[in-house]
Amino acid sequence: MKESRFDIESAEISWCPGCGNFFILEALKGTFEILRLDPVELVIVSGIGQAGKTPHYLKCNMFNGLHGRSLPLATAVKAANPRQTVIAQGGDGDMYGEGGNHLLHAIRRNPDITVIVHNNMVYGLTKGQASPTSARGFTTGLQVHGVASEPFNPLAMAISLNASFVARTFAGDREGTSRVLAAAIRHRGFALVDILQPCVTFNKVNTYQWFKDRIQPIPHFHDPSDRIKALELAFMTETLPVGVLFVNEDKLTFEEFLPVYDSSDEPLYNRGVNRVELQKVIDLLR
């Protein structure tokens with residue numbers, strides 16, 4: 001592997017050999033190098049799960065919080081310091097299950113953050129229960145008769161809510177994933193990147209070959225500003241389009257709405273405390 005400024009030499013990676021997370025980790029390092037990011041200026045927030053361990057293996061600022069709660073934390077980090085590059089990372093269970101409600105409202109708020117979801121269609125950390133994106137009929141040690149629910153479609157949901165950037169990639173395509181991640185991080189506003197990622201231990205259906213047989217690059221003539229065409233791509237199930245489906249450049253970000261930045265772009269963390277105003281708030285709450 002190529003050396004990177006984001007390497008942690010002493011890191012002991014706990015993922016299974018062959019896990020798709022390794023490819024995503026390398027794609028992330030490559031993307032950060034392409035963008036010439038400084039580790040000091042990068043914050044990765046994650047929740048619980050195998051994907052949530054990713055920032056443990058990267059030299060940068062990180063916060064590992066509760067299951068499904070990375071999005072409000074990432075939104076707060078960006079609001080406190082808009083100069084930071086902020087990424088929220090998690091698996092399909094973490095982001096689409098426990099964190100599903102946060103995902104809906106983060107899309108509405110449009111903070112300038114990138115959300116990366118390792119979508120392996122199973123709960124890997126807790127040894128193989130069905131996740132929100134598991135296919136109907138998928139059997140596990142818990143769902144012994146097969147999953148009864150329709151799988152969650154994150155791309156269609158995000159485009160329907162007018163998310164400002166929506167994309168899907170395949171972990172086995174490291175270069176393609178890196179290109180999409182770079183576009184997502186450069187994008188001003190909420191960017192969702194759903195990464196199809198095989199779990200070699202607990203998902204024997206959605207394997208590397210299964211994905212390779214179904215993924216299809218989005219045609220070069222696709223106009224990502226066309227929301228209806230993007231939805232058509234998102235609803236495809238026989239083939240799985242990969243690339244940037246939808247981009248809306250016209251939305252203001254959450255930070256741009258905050259009155260505290262009306263007169264100054266100095267990050268909140270860097271400002272002094274106005275004790276007179278603080279005392280007024282304290283008195284008001286007594």
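View 1. With a relative accessible area of 6%, H187 is buried (buried means under 20% relative accessible area, exposed over 50%, and partly exposed in between, with a 1.4 Å probe and protein chains only). This is a predicted model, where local features need pLDDT of at least 70 and side-chain atom pairs count only at pLDDT 80 or more, while totals for chains, interfaces and linings use all residues. Residues are numbered from 1 along each chain as its sequence is written, and side-chain values use heavy atoms, with hydrogens and water left out. To find H187, go to the loop between α6 (174–186) and β6 (191–196); helices (H or I, at least four residues) and strands (E, at least two) are DSSP runs, numbered from the N terminus. Leaving out residues up to four places away in sequence, H187 touches D112, S164, F165, V247, N248 and E249, where contact means heavy atoms within 4.5 Å.

**View 2. F254 and the residues it touches.** F254 sits in helix α9 (residues 254–257). Its relative accessible area is 22%, so F254 counts as partly exposed. Set aside neighbours within four places in sequence, and F254 is in contact with T75, A79, R109, N110 and P111.

**View 3. Two asparagines with positive phi.** N110, one of the residues in contact with F254, has a phi near 60°, a positive value in a residue other than glycine. N110 belongs to the loop between α4 (100–109) and β4 (114–119), and it counts as buried because its relative accessibility is 1%. The other asparagine here is N162, a residue other than glycine whose phi is also positive, near 65°. Look for N162 in the loop between α5 (154–160) and β5 (165–170). Which is N162: buried, exposed or partly exposed? At a relative accessible area of 22%, N162 is partly exposed.

**View 4. L71 and the nonpolar cores.** In soluble globular proteins, nonpolar side chains tend to be buried together. A nonpolar core here is a set of buried Ala, Val, Leu, Ile, Met, Phe, Trp, Tyr and Cys residues joined through side-chain atoms within 4.5 Å. The largest one has 30 residues, and L71, V115, I159, F190 and L245 touch the most other members. Helix α5 supplies the largest share of this core, five residues. A second, separate core has 29 residues, including A27, I44, L58 and I185. Back at L71, the contacts beyond four places in sequence are A88, M95, H102, L103, A106, I113 and V115.

**View 5. Stepping back to the whole chain.** The chain has ten helices and eight strands. Its radius of gyration is 19 Å, close to the 19 Å that the globule rule gives for 286 residues, so the chain is as compact as a globular protein of that length (the radius is taken over C-alpha atoms, and the rule is 2.2 Å times the number of residues to the power 0.38). Along its principal axes, the C-alpha trace spans about 65 × 45 × 40 Å. Of the 286 residues, 50% count as buried. Among contacts between residues at least 6 apart in sequence, 70% join residues at least 24 apart.
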